[in-house]
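Visitor: Could you take me through how contacts, cores and sheets are read in a model such as this one?

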Amino acid sequence: MAMAIQRGELVAVPSETVYGLAADALNARACGKIFKAKGRPTTDPLIVHLAHVRELEAVAEINTDALKLAAAFWPGPLTLILKKKNVVPSIVTAGADSIAIRVPSHPIFRALIRSAKRPLAAPSANPFSYISPTTAQHVLNGLGGKIPHIIDGGACKVGIESTIIDVRDPRIPKILRLGVIEPREIEAALGKKILLKTNAVSEKDHAVAPGTFVKHYSPKKTLKLFYKISPKIAATISPNEAVLRFSGVTRNNIFSLCGHKPDMKKAARRLFSILRKLDEGGWKRINAELAPGKSSLANAINDRLTRAASK
Ligand code: TXA
Ligand code: MG
């Protein structure tokens, strides 16, 4: 697979968050194939993956905040936005002078970067705006026939994409996308406050957080969201519509993400997989409740659900 990367081919690879569609980040032609295979607009920049923080200097301008966060969370589900260096072709960053970087923890992903001896540009391995893939089968279902290689590493442990934080301005680090890492933990590692910029979806904001489209992670079926779907309300929903709840029993048209009591880590791990299953089933419509509670992981899940429901 490392040789395929060196030849400029695409390789779908498991990560701890979601499956990525990887190419040599220093090869503009190879990266062009990512946009083509996904049907992704070239205005939506890619994340560059490294095997070690030592490799950061080659592709981005390092600063103190980046090093603090790297020490605390890498390898892991955190992406840093930094100033880009010129070796990285502009197609990777959609022409921007900033670059998104992550050191993943998944052993297969790390082995691929190491043996290819290249930084790897990799977005989630799904057709543009569809639900992100958390198994090799999901990748095959969405991109089969369009990409030459898929590595099967089983189901992803985290299940939603990395937390993205822009650390270019030391006065105000900004979270651009919520993930499994609590903003509190990030503030503790930095020793300062961070700003939440995750609702950056307007045209103007698109320059701040490119790629944060309102419609994203979307099933083909209509997805309706409710604050809470109690068992009593669930029972009133037509049997040809699916109901997605965060706890309770899975029965007939009712699907539970967590079983007995809500567990946000488990819900995140299963969310995309269950949304795909419901999308592929014979349901007329999907009705889902929002994640309960105020944890940032519940917010991260609700960010995905809200975008998935947006048409
Ligand atoms: O967990 C993840 O982050 C996964 C795995 C494969 O690493 N990757 C992923 O990539 O979710 P993707 O392409 O689905 O999301 C990348 C997003 C872009 O849509 C954009 O919002 C943000 O990262 N991004 C990339 N480069 C950026 C930049 N220079 N400035 C601001 N945001 C950027
Ligand atoms: Mg994606």
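Guide: Contact means heavy atoms within 4.5 Å. With residues up to four places away in sequence left out, isoleucine 186 touches Leu69, Phe73, Leu78, Thr163, Ile165, Ile175, Ile181 and Ile194. This is a predicted model, in which local features need pLDDT of at least 70, side-chain atom pairs count only at pLDDT 80 or more, and totals for chains, interfaces and linings use all residues. Residues are numbered from 1 along each chain as its sequence is written, and side-chain values use heavy atoms, with hydrogens and water left out.

Visitor: How many residues does the largest nonpolar core have?

Guide: A nonpolar core is a set of buried Ala, Val, Leu, Ile, Met, Phe, Trp, Tyr and Cys residues joined through side-chain atoms within 4.5 Å, where buried means under 20% relative accessible area (1.4 Å probe, protein chains only). Here the largest has 78 residues, and those with the most contacts inside it are Ile165, Ile186 and Ile301. Helix H10 (residues 264–280), a DSSP run of H or I with at least four residues, gives the most to this core, with eight residues.

Visitor: Which order do the strands of the open sheet have?

Guide: Strands are DSSP runs of E with at least two residues, and two of them pair if DSSP finds at least two bridges between them. The open sheet of four strands has the order S12-S15-S13-S14, with parallel pairing. Strand S12 (223–226) and strand S14 (254–256) stand at the edges, each with a single partner strand, so one side of each is left without a neighbour in the sheet. Four bridges join S12 to strand S15 (residues 286–289), and the bridge partner of phenylalanine 226 in S15 is glutamate 289.

Technical notes
Chains are lettered from A and ligands numbered from 1 in the order in which they are written. Buried means under 20% relative accessible area, exposed over 50%, partly exposed in between (1.4 Å probe, protein chains only).
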